[in-house]
Amino acid sequence: MAKQKKMVEDITSMEVDFAKWYTDICKKAELVSYTSVKGCMVIRPYGYAIWENIQSILDGHFKETGHENVNMPMFIPESLLNKEKDHVEGFAPEVAWVTMGGSEPLEERLCVRPTSETLFCDHWKDIVQSYRDLPKLYNQWVSVVRWEKTTRPFLRSREFLWQEGHTLHATAEEAIAETEQMLNIYADFCEQDLAMPVVRGKKTESDKFAGAEATYAIEALMHDGKALQAGTSHYFGDGFAKAFEIQFQNKENKLQAPFETSWGVTTRLIGAIIMTHGDDNGLCLPPAVAPIQAVIIPVAMHKEGVLEKAAELRDRLKAAGVRVKLDDSDQSPGWKFSEYEMKGVPVRIEVGPRDIEQNQCVLVTRHNREKTFVSLDDLETAVPEKLQEVRDGMYRNALENRENKTYRCKTIDEIKTALEEKGDGFVHAMWCESEECEEKVKEETGAGSRCIPFAQETVSDVCVCCGKPARTMVLWGKAY
RNA sequence: CGGGGUGUGGCGAAGUUUGGUAUCGCGCUUGCUUCGGGAGCAAGAGGCCUCGGGUUCGAAUCCCGACACUCCGACCA
């Protein structure tokens, strides 16, 4: 893409300072605002509307696959959190504690949920007796708290919004299938609706969720070459069930522990959208989740008939199912062009007296700024077509960026050279499956193991680190 | 949690070295003229200078402390 003239002077250029560019977008596009508590942010209406769209699409998929929504309390008694050993050890360093009720100290302190496995287990213990009670396919849309040391809007905040699915099954096979199904729902959603290519894979032993038998994840590559985990799905085996004494009678009339899964995506997805698609003019939103899919900007709107025509177009598009906004505020057209570009609205529609005379309007797509003239008669079909074009174009750009920044390396030196010369990115390299080698690669190159991709390829026969026979190909990268 | 940087109307900054009426640009309000890539003129409104303690006749400015933001590492969705 040709280098575009920078129109919004207030946004720091990506190339100058990517981190500052990111926070500029978050503030200028009115997605978030800071509060007086470190790491806690206001998600403003425009940012929250993106989340609502993410929610409604995913929630639909959850319901289609038989899940029900519930709501668990936000407090977990310390004794409950302590029941699964690996789980506590994983989360203890970052939980917030409630120790007082009013002015009275509590008998037992309560943790503000960092995740709710323990609550679901404690509940299931009471309600599951028979194989007929299974499976339990639950989900909740809530916020959780993790006392992070370094915080950034959407990417790492102390309180964040997410959905956490928790399911309980009679057999391991069924639970494993559930884990895979949910990972695929996430991956398809990211690729189709967020126009963001992801790598599906399994986390290494050292990187899996606290208490899990296996953790699966989708990994995306941001514009600056850093990796971002966009969603996870865990298989717990019967470890939690045993720790929490959940038992059911199977068809053979024997007591048995059930098998469990959990899976989640968070508001971090909004950060992923920003860093995958944004440019120096601002946000660029995938049409499926854009709060405004098309904005109508009347030109010379004081002239007779312009506003009326614009309002008519708005009503027609609304009836056609497009999330459309008519901006009839008294800012100049040029100001509005920049404003909605910064806010990432996928399609802009310009209508002025000249257009009306010729029964046409101008459609401009955000991701490439291409202009096309369209007959007003065809608007209801032309706009949805453009939205699809934007999604496809955004996906192609993101995929191209990822391909350009994916390196295949046979030695640690090759990794170092690639990252240094071509910039941060994904590295495909072989691994012997020893934790020492995993650790050493991270220490020497800065790139940790992101996952073991399902789509394997053979870069070499030997481990990138120790030279012993390789067992798997790992996706490496510097992570957010 | 370790190391740097910053904190002044909504936003971005000057002023801090050398203590003395809080300044500029953008934005905001009102009016008129404009309108196909951030319009022009005119008149206005808006500030316990992050917070808490000191020093001083007097503190945005000096001293001590807290908090927040931010960048670089370690940990993490």
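Two residues are in contact here if their C-beta atoms, placed from the backbone, lie within 7 Å. With that in hand, let us take a walk through the structure.

## Before we start

This is a predicted model, in which local features need pLDDT of at least 70, side-chain atom pairs count only at pLDDT 80 or more, and totals for chains, interfaces and linings use all residues. Residues are numbered from 1 along each chain as its sequence is written, while chains are lettered from A and ligands numbered from 1 in the order in which they are written.

Chain A is divided into domain 1 (18-277), domain 2 (294-390) and domain 3 (406-477); such bounds come from an automatic or database domain assignment. Between the C-alpha centres of domain 1 and domain 2 there are 39 Å.

## A helix residue and its contacts

Ile273 sits in helix α8 (residues 268-277). Helices (H or I, at least four residues) and strands (E, at least two) are DSSP runs, numbered from the N terminus. Leaving aside neighbours within four places in sequence, Ile273 is in contact with Leu194, Leu285 and Pro286. Cys284 is eleven residues away from Ile273 along the chain, and their C-alpha atoms are separated by 8.0 Å.

Is Ile273 buried or exposed? It counts as buried, because it has 27 C-beta neighbours inside 10 Å. The scale is simple: a residue is buried if 20 or more other C-beta atoms lie within 10 Å of its own, exposed if 12 or fewer, and partly exposed in between, with C-beta atoms placed from the backbone.

Two strands pair if DSSP finds at least two bridges between them. Axes are lines fitted to C-alpha atoms, for helices over the stretch in contact, and angles run from 0 to 180 degrees between N-to-C directions.

Strand β7 (residues 136-145) runs antiparallel to β8 (residues 159-169), with ten bridges joining them, and Tyr138 stands opposite His166 in β8. Eight bridges pair β10 with β11 in the antiparallel sense, and Thr215 stands opposite His234 in β11. These two strands form a hairpin with five residues between them, and Gly225 in the turn has a positive phi of about 90°. β11 is also joined to β14, antiparallel, by five bridges; here His234 stands opposite Ser262. Ten of the eleven residues of β11 are buried, so this strand is largely enclosed by the rest of the structure.

## The three-stranded sheet

A second open sheet has three strands in the order β4-β6-β5, with antiparallel pairing. Because β4 (75-77) and β5 (96-101) stand at the edges with a single partner strand each, one side of each is left without a neighbour in the sheet. Neighbouring strands of this sheet are turned by 45° against each other on average, direction ignored. Five bridges join β5 to β6 (residues 104-112), and the bridge partner of Trp97 in β6 is Cys111.

## Nonpolar cores

A nonpolar core is a set of buried Ala, Val, Leu, Ile, Met, Phe, Trp, Tyr and Cys residues joined through C-beta atoms within 7 Å. The largest has 103 residues, of which Cys190, Ile218, Ala220, Ile296 and Ile349 touch the most other members. Beyond four places in sequence, Cys190 is in contact with Met196, Val198, Ile218, Ala220 and Ala230. A second, separate core of 25 residues includes Phe91, Trp124, Tyr235 and Phe248.

## Around RNA strand B

How many residues surround RNA strand B? There are 46, and the closest are Ala19, His302, Gly334, Glu350 and Gly352. A residue is near a strand or molecule if its C-beta atom, placed from the backbone, lies within 6 Å of it. Helix α10 gives the largest share of this nearby surface, eight residues.

Most residues other than glycine have a negative phi, and most peptide bonds are trans. Leu134 and Pro135 are joined by a cis peptide bond, with omega about -5°. Glu245, which is not a glycine, has a positive phi of about 55° and counts as exposed, with 11 C-beta neighbours inside 10 Å.
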